[in-house]
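Hi there,

Here is the structure I promised to pass on to you. My notes on what turned up in it follow just below.

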Amino acid sequence: MINTKTGEYDYGECEVCDTPMVRRLIKQDFYICGELIVVEDVPAGVCPHCGEKVVSADIGKGVLELINNSERIAKAPRISVPAIKFDLEEMAF
Ligand SMILES: [Zn+2]
């Protein structure tokens, strides 16, 4: 719902712990056909207490449009992420 005073989306309270949600720009990551895609600066409500995140339906739709836009994805800058192999023999259980 939209806050009538500020004109901004009101994320209400956290569904998990009832703390008022704070407006933040977050990163969301998706795996599409085995490729990791990161969408940056997504407006979302974040719970300052437990970290729960909510995105409004409109923003969610926008994000879906972005990640379905293969041309846009092809042109997007690449980032490198650490890829670590899990090796059971290294573990000291
Ligand atoms: Zn919470």
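Beyond its neighbours within four places in sequence, Y11 is in contact with M21, R23, G45 and V54. Please keep in mind that this is a predicted model. As general background, nonpolar side chains in soluble globular proteins tend to be buried together.

**Overall layout**

The protein chain has three strands and two helices, and from the N terminus on the order is β-β-β-α-α. The radius of gyration is 18 Å, well over the 12 Å that the globule rule gives for 93 residues, so the protein chain is more spread out than a compact globule. Along the principal axes, the C-alpha atoms fill a box of roughly 55 × 45 × 15 Å. Buried residues account for 8% of the 93 residues in the protein chain. As for contacts with a separation of 6 or more, 45% of them are between residues 24 or more positions apart.

**A look at I79**

Is I79 buried or exposed? I79 has 8 other C-beta atoms within 10 Å, and 12 or fewer counts as exposed, so I79 is exposed. This residue is found in the segment after α2 (70-75). The C-alpha atoms of I79 and L36 are separated by 9.9 Å, while the two residues are 43 residues apart along the chain.

Best wishes

Conventions. Residues are numbered from 1 along each chain as its sequence is written. This is a predicted model: local features need pLDDT of at least 70, side-chain atom pairs count only at pLDDT 80 or more; totals for chains, interfaces and linings use all residues. Two residues are in contact if their C-beta atoms, placed from the backbone, lie within 7 Å. Helices (H or I, at least four residues) and strands (E, at least two) are DSSP runs, numbered from the N terminus. A residue is buried if 20 or more other C-beta atoms lie within 10 Å of its own, exposed if 12 or fewer, and partly exposed in between; C-beta atoms are placed from the backbone. The radius of gyration is taken over C-alpha atoms; the globule rule is 2.2 Å times the number of residues to the power 0.38.
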